[in-house]
Amino acid sequence: MGATTLGVIAGCSGQLPGSGDGGGREVTPRSTVTAEPDTSVNLTAASGTIRPAPETSTTNWMYEGQFPGPELRVQEGDVLSVELTNDLQAKTTIHWHGIPVANPMDGVPNVTQDPIDSGETFTYTFRAEPAGTYFYHSHVGLQLDRGLFGPLIVEERSPHVEYDREYVVIVDDYLPEEPELPSDGGMGGDGGMGGGGGMMGDVRPPYEGLLINGRLPADPPTFEVAEGERIRFRFVNAGSATVFGVRIAGHEMTVTHADGRPVEPIDVDSFVFGAGERYDAVIEATNPGTWAVQANALDGNEPPARAVVEYESASGGSPQSPSSASNRLQYGDLQAISSLDGVSGEPDRTFDLTLSRGRGQSYTWTIDGQAYPDADPLQIRPDEHVRIRMTNRSPVVHPMHLHGHFFQVGDAIKDTVIVPGHRGQVTIDFHADNPGRWLFHCHNLYHLDAGMARVVRYVE
Ligand SMILES: [Cu+2]
């Protein structure tokens, strides 16, 4: 299996990661791909009706009238072109979560592009690499929680894991009404006027349930398997404010990828992931029957989202639920198969950032006391090894996501990482190999919309 060189577009050879001072490498802005696309797709964003269970319907915002949006699937290295038509009564964009695209294609309103007006179109073109499990979503306001997302799969040309079939499993929190930010800092409980002694909590939106592939537990999707097969599941947390714990009854999962990046296979019976994270896991279909896939909210009390794994030989009946998890994946278990270039040794630049609730009347979340967009950019220079140390001074988790780059966290390579509550600390390292202006933010959509973001800005 060849090492993946993330810097190819910038012309890095990357042969000797960590060799000396890193001098001599050139980091130039990644230009927008102009090659003829291998795949061209039209996506129209518009309002429509979804039925996540037989007697349940609501008005959602969707791509192509589908919820989740249509699966985009391309081969690694292919040029993908997506023409987005905005038929919403609001401005919108699309962000290609996890893919280090050229900056103008990243879909962040007022940072990488002007948001697309109602009735207008915008074409995103980028090279789909590296291979992995990704998703695409609106990056305007709270539109992700109205349904504007879909899976984006970039297939390996030579997978490091063997499997016979695969399923994409998108877990999500179901909001049957228009999302809105809490109107003030009160939020009930012990939120409110600053103070709170670090116990300032949070309130989740009024979710009516939890979804797998757009379906409530009353009408779960079925994944058919045949005895003896190896099944690859690509799990995506597209929730806006939910940390999910995932289990599959009757089967151990072998985690093979974290945020799309291959890891040394690790056997677990559950994993936890925050908004924006992805895991690929393989099961061996050696236990015939009908089994539940279950995703429960760690920070909510809705009934778990469910899907069904059904063997062809099974005679139906209700699926068996998973037993309680005993062997849960930890970040420390993750060992990336290829290393990230340019992040060995001591960093060239370090940011120490505190994540916390804002003080005062309004509902804000801050990084070092500043609420985006009234926040200073984090300024870096091309080719630097940048370290960000985060300390979470709130009781709730923050899944922090960096655009345009992968980062190293422990021995894993990821693009989104949970910073635990109650003074949890996480350190990430990345190589400044993709010049531009990139958002770094909490992927809890409500925290993002309430200010928990910074722009990482390259300066010469
Ligand atoms: Cu957060």
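This is a predicted model: local features need pLDDT of at least 70, side-chain atom pairs count only at pLDDT 80 or more; totals for chains, interfaces and linings use all residues.
Start with the overall division. The chain is split into domain 1 (39–158), domain 2 (167–333) and domain 3 (339–458). Look at domain 1 and domain 3 together. Their C-alpha centres lie 23 Å apart. Each side brings residues to the contact: 21 residues come from domain 1 and 21 residues from domain 3. The size of an interface is often given as the accessible area lost when the parts come together. Here domain 1 and domain 3 bury about 1,600 Å² between them. Of that area, 61% is on carbon and sulfur atoms. Which residues of domain 1 lose the most area to domain 3? They are N103, V111 and L142. Together these three account for 33% of what the domain 1 side buries.

Are C442 and H447 buried or exposed? C442 has a relative accessible area of 0%, so C442 is buried. H447 has a relative accessible area of 1%, so H447 is buried as well.

Next come the aromatic rings. A pair of aromatic rings is described by the distance of the centres and the angle of the planes. The count for this model comes to 14 aromatic pairs. One of them joins F67 and F149. Their ring centres are 5.6 Å apart and their planes meet at 70°. An angle over 60 degrees counts as edge-to-face, so the F67 and F149 pair is edge-to-face. Where do the two residues sit? F67 lies in the loop between β2 (56–63) and β3 (72–75). F149 lies in strand β8 (residues 149–155). The pair therefore ties together parts that are 82 residues apart in sequence. Both partners are buried: F67 has a relative accessible area of 17%, and F149 has 1% relative accessibility.

A second pair joins Y167 and F233, and this one is stacked. The distance is 6.1 Å centre to centre, with 25° between the planes. Y167 belongs to strand β9 (residues 165–174), and F233 belongs to strand β12 (residues 230–237). So this pair ties together parts that are 66 residues apart in sequence. Y167 counts as buried at 18% relative accessibility. F233 counts as buried at 1%. Y167 and F233 also belong to one aromatic cluster with F223, F235, F271, F273 and Y279.

Charged groups meet rings too. R146 lies over the face of W61, at 4.1 Å from the ring centre. R261 lies over the face of F406, at 5.2 Å from the ring centre.

Finally, find D280. The residue is placed in strand β17 (residues 278–284). D280 has a relative accessible area of 0%, so D280 is buried. What is D280 in contact with, leaving aside its neighbours within four places in sequence? The list is T133, R232, F233, R234, T254, V255, T256 and H257. F233 links this spot to the stacked pair: F233 is in contact with D280 and is paired with Y167.

Methods:
Residues are numbered from 1 along each chain as its sequence is written. Side-chain values use heavy atoms; hydrogens and water are left out. Buried means under 20% relative accessible area, exposed over 50%, partly exposed in between (1.4 Å probe, protein chains only). Rings of Phe, Tyr and Trp (its six-membered ring) pair if their centres lie within 6.5 Å; planes under 30 degrees apart count as stacked, over 60 as edge-to-face and the rest as tilted. Helices (H or I, at least four residues) and strands (E, at least two) are DSSP runs, numbered from the N terminus. A charge sits over a ring if NZ of Lys or CZ of Arg is within 6 Å of the ring centre and within 35 degrees of the ring normal. Domain bounds come from an automatic or database domain assignment. Contact means heavy atoms within 4.5 Å. Buried area is the accessible area (1.4 Å probe) that two parts lose on being put together, summed over both.
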